Amino acid sequence: MKKLKERWGIESNWQLTVIFVVFAVTGSTAAKFAGPLTEAIGMTNEMGWWIYWPVRILIIFPIYQILLVLFGWIFGEFEFFWNFEKKMLRHLGLGFLLNTK
């Protein structure tokens, strides 16, 4: 845990716990939201897993990104998650979405 805290610039075990909780809540919530959204666009598991699951994962991804920052803000760790989000988008080649120079 010490290495992770150093890597992320975290000072306390409490802050690390909050960050883990935010990741868990965000992942669960994004996965839960993806079900109704895939149904809303007419996608069902009956179409075949090779179509349904890639589409569902593509739906989960942007939901997760938004919820991560939202839950980070709710739990008082907005700065950490905003920096985490910017870094992730840059690594995915989507840094242009941040509109920063």
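User: Which residues does Ile 19 touch, not counting residues up to four places away in sequence?
Analyst: The model examined here is predicted. When residues up to four places away in sequence are left out, the contacts of Ile 19 are Trp 8, Ile 10, Glu 77, Phe 80 and Phe 81.

User: How far from Glu 77 is the nearest side chain of opposite charge?
Analyst: Glu 77 lies in the loop that joins helix H3 (49-74) to helix H4 (78-91). Its contacts, not counting residues up to four places away in sequence, are Gln 15, Val 18, Ile 19 and Gly 72. Glu 77 is buried and has no salt bridge. The nearest side chain of opposite charge belongs to Lys 5, at a distance of 12 Å.

User: Which helix supplies the largest share of the nonpolar surface patch?
Analyst: Val 21, Leu 70, Trp 73, Ile 74, Phe 75, Phe 78 and Trp 82 make this patch of about 670 Å². At least two of its residues come from each of H3 and H4. The largest share, 3 residues, is supplied by H3.

User: Is Trp 73 buried or exposed?
Analyst: Trp 73 is part of helix H3. Its relative accessibility is 58%, and the cut-off is over 50%. Therefore, Trp 73 counts as exposed.

How values were computed
Residues numbered from 1 in each chain as written. Predicted model: local features only at pLDDT ≥ 70, side-chain atom pairs only at ≥ 80, totals over all residues. Heavy atoms only, no water. Helix = DSSP H or I, 4+ residues; strand = E, 2+ residues; numbered from the N terminus. Buried < 20%, exposed > 50% of the residue type's maximum accessible area, 1.4 Å probe, protein only. Lys, Arg positive; Asp, Glu negative; His and termini not counted. Salt bridge = Lys/Arg side-chain N within 4 Å of Asp/Glu carboxyl O. Contact = heavy atoms within 4.5 Å. Patch = residues over 30% accessible without salt bridge, like charges linked within 9 Å, V, L, I, M, F, W, Y side chains within 5 Å. Areas by Shrake-Rupley, 256 points an atom, 1.4 Å probe, with all protein chains shown as cover.
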